[in-house]
Structures are given as structure tokens and as C-alpha cells.
Amino acid sequence: MKATITLNAIALAVALGLSSCGKQTGTAQADRAANALASYVAPGEKDEYYLFYSGGHSGQVYVAGIPSLRHISTIPVFAPYPGTGYGFDEESKKMLGDFTWGDVHHPALSQTNSKYDGRWLFVNDNANNRIARIDLRDFKTHQILGPIPNSIGNHGSSFITENSEYILCATRFSVPLPKGRVADPNDYEKEFNGMVSGIKVDPQTGEMKVGWQILTPPFDWDLGSTGKGPSSGWAFWTSYNTEMAHDTLEVNSTQKDRDLCAIVNWRAAEKAVAEGKASMMDGVPIIDPAKVPGVLYFVPIGKSPHGMDVDPSGKWVVAGGKLQPATTVLNFEKVQAAINNKTFEGEFRGVPILKYEAVVEGEVPVGLGPLHTQYDGKGNAYTSMFIDSCIVKWKLPPWTDAEKKDLTKAVLDRVPAHFSTGHLVVAGSDTAHPYGKWCVAMNKLSAGRHINVGPSQPESSQLIDVSGDKMKMIAEAYTEPEPHFAQILKVTDVQPNEIYPKGENKDPNAVWEKAQSGVTRNGNQVTARLMAIRSRYNPDRIDAQVGDELTVAVTNVEQTRDMIHGFGLIEHNINMVMDPGETKTFHIKLNKPGVFPFYCTNFCSALHQEMQGYLVVWKPGEGPSNLSTGGGATGGGK
Ligand code: RUQ
Ligand code: CUA
């Protein structure tokens with residue numbers, strides 16, 4: 001019951017906007033000018049960093065610039081997005097499958113030697129157990145993997161290893177496995193299981209496939225991160241609900257003072273699978289950690305921990321305890337020693353529990369509701385405080401004797417954030433070489449800080465300069481619902497293409513000249529190959545009849561930047577957008593007669609409005625004579 005009272009108090013504090021960091025009282029005149037300059041990107045100038053932030057249940061990823069915080073583009077991932085024609089052409093429709101939404105939480109940039117290599121961005125889908133890969137050559141989604149077998153609630157991901165060998169994921173929910181098996185939730189402890197998954201990434205293509213899985217007790221795995229340096233080959237997750245409650249979790253999963261975090265040796269897991277120590281479930285090799293020692297360890301962390309973040313040196317692993325006013329710092333060297341010396345305080349289902357006192361370096365009293373921690377690579381940590389609504393800067397170990405005695409001395413600074421900060425991101429924090437400089441606080445409530453837009457409110461993001469001793473709140477922007485984590489990438493660390501080179505277009509239906517374009521029929525299969533060029537389609541007439549299966553492939557033959565064309569088909573729910581050099585295809589069955597205009601949906605020239613044509617769908621037996629006989633070309637090119 002105590003937990004309920006605490007949580008209600010927290011809810012009340014949040015509702016009232018109370019915060020031990022105090023309310024922002026307004027920005028002094030001198031600071032206004034300096035802050036404005038710090039985030040000002042003059043017309044014609046460019047931002048220095050990309051901010052890739054997850055769009056939560058909007059299913060998308062958004063790209064903003066830093067320091068301006070301007071929204072620059074939207075990368076559709078798990079939901080259709082007519083703006084770029086995503087989810088309307090065959091290829092993207094196939095990637096989406098039966099789903100039209102996802103819940104994107106944690107983007108991860110690909111790394112080589114623990115540095116961003118500018119190749120891919122991976123994001124997880126908490127809702128439908130998927131991982132997607134965005135290619136940074138074109139900022140588009142190229143693969144959606146999943147639903148991942150034996151995995152429900154893919155929240156504890158996507159965490160990438162130092163050389164992008166794996167995306168590591170842990171389940172938020174537990175269910176009877178394999179999926180499809182039914183058991184009574186009252187038998188939760190016995191029948192339900194969680195899972196840690198290793199998603200293998202092809203080093204050349206980025207193509208993902210499920211590598212192996214580790215069966216876990218039915219705890220709710222939460223956030224995690226991967227090791228580097230001394231902790232290379234390891235990964236870490238917090239959990240809540242070590243109580244293994246299956247109802248009223250708000251109360252029943254907050255009973256224990258400490259929850260068990262997972263310490264996973266993913267190289268050992270990979271090796272165990274190679275040695276045949278796994279058994280198959282739903283096509284995936286599953287490791288039972290009770291039978292394969294050395295793959296999984298637990299360590300108790302207080303209380304209802306959330307984030308678990310490895311610092312750039314790989315030596316310190318910091319967990320935030322939502323319901324305790326401190327972060328817990330694990331010393332990975334001590335973790336290693338405890339494993340080697342078997343300094344255990346017990347075991348759970350055959351998995352050793354490391355002795356808390358043997359592995360903890362200290363608990364830093366940062367304040368109320370610590371969630372996630374980020375690093376600047378200069379020995380400082382930054383923790384988001386959900387309840388206190390602020391960012392706290394503190395000093396990583398090694399600590400002086402005086403600090404060790406009183407770790408409040410390790411707390412260096414705090415800056416109010418508005419309101420209820422969830423994640424924060426410091427540029428490059430999860431690499432061995434952070435850029436530092438900027439931090440973005442992603443706040444859960446905007447609480448009227450913007451002009452009134454009615455009851456459905458945006459979230460707020462705030463830009464904080466972390467380059468000096470004291471943090472400085474610089475700017476604020478409002479974001480689509482709802483950002484969770486983000487990644488910051490230096491603009492000079494990636495080289496996207498601005499067009500698709502003609503030579504790289506391998507689409508068999510691509511057409512580059514008038515002579516190749518046209519409409520062909522084979523039985524009731526009608527294929528239209530269209531060229532789009534400023535500002536016309538060729539051909540601009542497609543004849544078919546009711547009952548035909550129509551395939552339309554449109555190639556944008558332009559090879560200049562920004563010369564984008566669309567293809568919107570009236571009353572058929574089709575809108576494709578072709579970037580320069582790109583071919584897109586849709587396939588529909590024609591079921592109503594009529595003349596249906598199609599037109600360019602993307603403003604491309606002064607005569608964009610003139611870029612249009614007709615799909616003529618004749619009634620059976622009507623229309624030009626070659627319609628019903630089959631074969632030959634119909635439709636006119638000029
Ligand atoms: S969780 S507010 Cu989905 Cu990343 Cu921590
Ligand atoms: Cu092409 Cu508008």
C-alpha cells in the first residue's frame with residue numbers, strides 16, 4: 001500500500017507541476033540574446049547535428065536539426081505516410097504487412113569501433129515486436145523485421161553492439177511461449193516467460209535476422225544498453241516486476257526494494273548456439289540460462305529501476321531507480337570479479353545473483369525519479385529526473401574520499417526541464433567518443449507552455465548546452481507524439497545521396513525513355529510503365545476495364561535534387577511519391593467503371609498543376625477493341 005501512496009503523491013506532484021528544481025522564472029534579457037544566438041541558424045545556414053527522435057505511437061522517426069531544433073523531415077517507419085507515399089506502393093506495403101502503426105521508442109545509430117559510422121539507424125516497435133532499419137544513404141526505411149518469434153513487447157531495444165554485430169532486445173511483457181499457446185494468467189509464474197533476443201546484422205548490407213534468444217523468467221525487462229571497452233561483449237537491462245505480478249502492477253510490481261537487472265554475455269550466447277547448446281522454438285535457437293552457465297547473471301538494483309546506461313569508457317553502468325532518489329553505479333570490473341569469484345547472494349531459477357555490495361561503486365543521490373543517464377565523455381553523467389523535472393549533472397567515479405563519504409558532493413549541477421523529463425540524449429553518449437556539447441531533454445508534458453492547440457497536446461523538447469561547468473537551458477520546441485529516445489549525429493559523419501543514380505535503379509519496370517514506357521496487357525493483367533518528368537507523365541492515359549488487375553510503375557527520370565514527383569489516383573486510395581531516379585509500383589484490382597484522373601501530388605514546377613492524366617476503366621466489353629482481346633499496347637504517349 002505504501003507504494004500506492006508514493007505513486008499517488010508523485011502523480012499529484014506532477015499534476016501540480018511541482019518540482020524541486022523550481023519553476024522557470026523567465027529568461028533574463030542578457031541570457032535571451034545569448035541563448036537565441038546559440039540556437040540561431042540563419043536563413044541559408046545549416047544545423048551542425050541531426051537529431052533523430054522516435055515518434056512513439058505515431059510509428060515514425062522525426063529528424064530535427066541541432067541547434068535550431070527545427071523539424072526537418074519525417075521518416076515513416078511503422079505507419080503509412082502519404083507525404084512521402086510510404087505505405088502505398090507495393091514495396092513499403094509489404095514491409096508494413098498487416099500493421100498500420102508501431103510504437104517507436106529507441107533509435108540506435110550503427111557503430112564501428114564504438115563510433116557512429118553513419119550507415120544505418122535501427123528502431124524498435126514496442127507494440128508489434130519489430131525492428132526496422134533506416135538506411136542513412138536515403139533516410140528511408142529498408143527493412144522491417146518481425147514480429148520477432150517468442151517475443152512480446154519489444155521495448156528493451158534497440159541496443160546496438162560496438163561494431164553493429166547485433167541489435168539486442170528484451171521483452172517488456174511475458175506470455176506463454178511459443179506464441180499462440182494459451183495459459184491462465186493466474187499461472188503467470190509457471191507458464192509465462194520473457195526473452196532476450198540477439199538480432200544479427202549483416203555487416204555489409206545491414207540486413208537483420210533473428211540470431212538466438214535467451215529464455216528468462218517473466219520479469220518485465222526495461223531499458224538497457226551494451227558494453228564497450230572492458231564490458232565489450234556484454235549487455236545490461238533493468239527490470240521491474242521481479243514480483244512476477246500479473247495484475248494491478250502499479251501496486252503489485254512495486255513491492256520489493258530491489259528488482260533484478262540482467263547482465264548478459266552475448267558473446268557467450270553466440271558461442272553456446274554455435275556449440276549446439278540451444279534448443280529450437282518457433283525456428284529460433286533458444287538458450288536456457290540454467291543449463292548454459294555464463295550467459296546470464298542477475299544483480300539487484302533499487303527500486304523499480306528504469307534506464308541502465310554504460311558510460312563511454314565501458315567501466316560504469318548506471319541504473320536509475322524510478323522510486324528511489326538515487327542512481328546506482330555498477331563497476332564493471334567488480335562485476336567481472338564477482339563472476340570469477342562466484343560472489344553470489346543466491347540464484348533465481350538457476351541464474352546466479354551477484355552480491356549487490358560486491359559490484360556497486362555507489363548510489364548517487366541525484367533527486368526524485370531518475371530515469372536515464374547520458375555522458376559527455378569528460379567524466380560527467382547527466383540524468384533525467386521524471387519527478388523533479390530536471391536534468392542533473394553529476395560526476396562519475398573515480399570519486400575522492402570526501403565524495404565517497406558523501407556522494408551529494410558528486411552532484412554538480414541541475415537545470416529545470418519542463419515537464420517530467422523522460423529520456424534525455426547527450427550527443428554521442430552511447431559511443432566511446434561522445435561529441436558532448438548538446439543535450440536534449442525529451443519531456444513528457446508540455447503543460448500549456450505553447451499556444452493553445454486544444455486538448456490534444458504536443459510534447460516538449462528542450463536544448464541544453466552542456467559544454468561548460470554549468471548547464472544552460474537554450475531553447476525549446478514542440479514535437480509530434482511522442483518522443484522517447486533520440487540519437488544525435490554530426491552532419492559531417494554521414495553522406496546521404498540527394499538523388500537515386502539511374503545506374504543503381506534495378507527495378508524491372510523502370511523506364512527511362514518514351515519508347516520503353518506504355519501500357520501492356522496479358523489476359524486481365526494490365527501493366528502501365530510511366531515516366532514522370534517535369535511536368536508530365538508519359539503515357540498520361542491508361543485504359544483498362546472492370547475486373548482487370550492493374551499494375552502501375554512510375555519512374556521519376558529526373559536526376560536533379562528536389563525534383564520530386566507524386567502520383568495520386570482519385571478515389572483509389574493511392575499516393576506514391578517518387579524521388580529523382582526512383583521507381584515505385586502499385587497494384588490494384590479495378591472494380592468500378594469510370595474515368596479517374598491521376599495527378600502529381602508533389603509541387604514540382606510552375607506547371608505542376610498541369611501534371612495529370614486519366615485512368616479510363618471501361619465496363620466489360622466496352623472501350624477500344626484491343627482491351628478485351630488481350631495483347632498490344634493501349635494508352636497514348638505523345
Ligand atoms: S522508456 S522514459 Cu520507452 Cu525509453 Cu524511458
Ligand atoms: Cu510533378 Cu508536380
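Author: Cys439 counts as buried, because its relative accessibility is 0%. This value, like the others here, comes from a predicted model. The sulfur of Cys439 has its closest cysteine sulfur in Cys390, 12 Å away. A disulfide needs two cysteine sulfur atoms within 2.5 Å, so the 12 Å between Cys439 and Cys390 is too far for a bond. Across the structure, the number of disulfides is 0. Cys169 is likewise in no disulfide, and the nearest cysteine sulfur to it, that of Cys261, lies 18 Å away. Cys169 has a relative accessible area of 2%. Buried means under 20%, so Cys169 is buried.

A search of the whole structure turns up 4 cavities of 30 Å³ or more. The largest cavity holds about 270 Å³ of space. Its lining consists of 23 residues, and those nearest the centre of the cavity are Phe159, Gly224, Ser225, Asp430 and Phe485. Several strands take part in this lining: β4 (108–112), β8 (156–160), β13 (220–226), β19 (305–310) and β25 (370–375) supply at least two residues each. Sorted by class, the lining of the largest cavity comprises 12 polar, 8 nonpolar and 3 charged residues.

The second largest cavity has a volume of about 40 Å³. Around this second cavity stand Lys115, Tyr116, Thr431, His433, Tyr435 and Asp493.

The ligand site is a separate topic, and here the space is a pocket. Ligand 1 takes up the space of the second largest pocket. Histidines make up much of the list of residues around ligand 1: His105, His106, His155, His306, His372, His423 and His484 are there, together with Leu223 and Gly422. By class, this shell has 8 polar residues, 1 nonpolar residue and no charged residues.

Technical notes:
Residues numbered from 1 in each chain as written. Chains lettered and ligands numbered in written order. Predicted model: local features only at pLDDT ≥ 70, side-chain atom pairs only at ≥ 80, totals over all residues. Heavy atoms only, no water. Near = heavy atom within 4 Å. 1 Å grid on protein atoms, 1.4 Å probe; cavity = no way out; pocket = protein on both sides within 12 Å on 5 of 7 lines; lining within 4 Å. Sits in = over half its atoms within 2 Å of the grid points. Nonpolar A, V, L, I, M, F, W, Y, C, P; charged D, E, K, R; others polar. Buried < 20%, exposed > 50% of the residue type's maximum accessible area, 1.4 Å probe, protein only. Points joined across faces, edges and corners; volume = space filled by probe spheres on them. Helix = DSSP H or I, 4+ residues; strand = E, 2+ residues; numbered from the N terminus.
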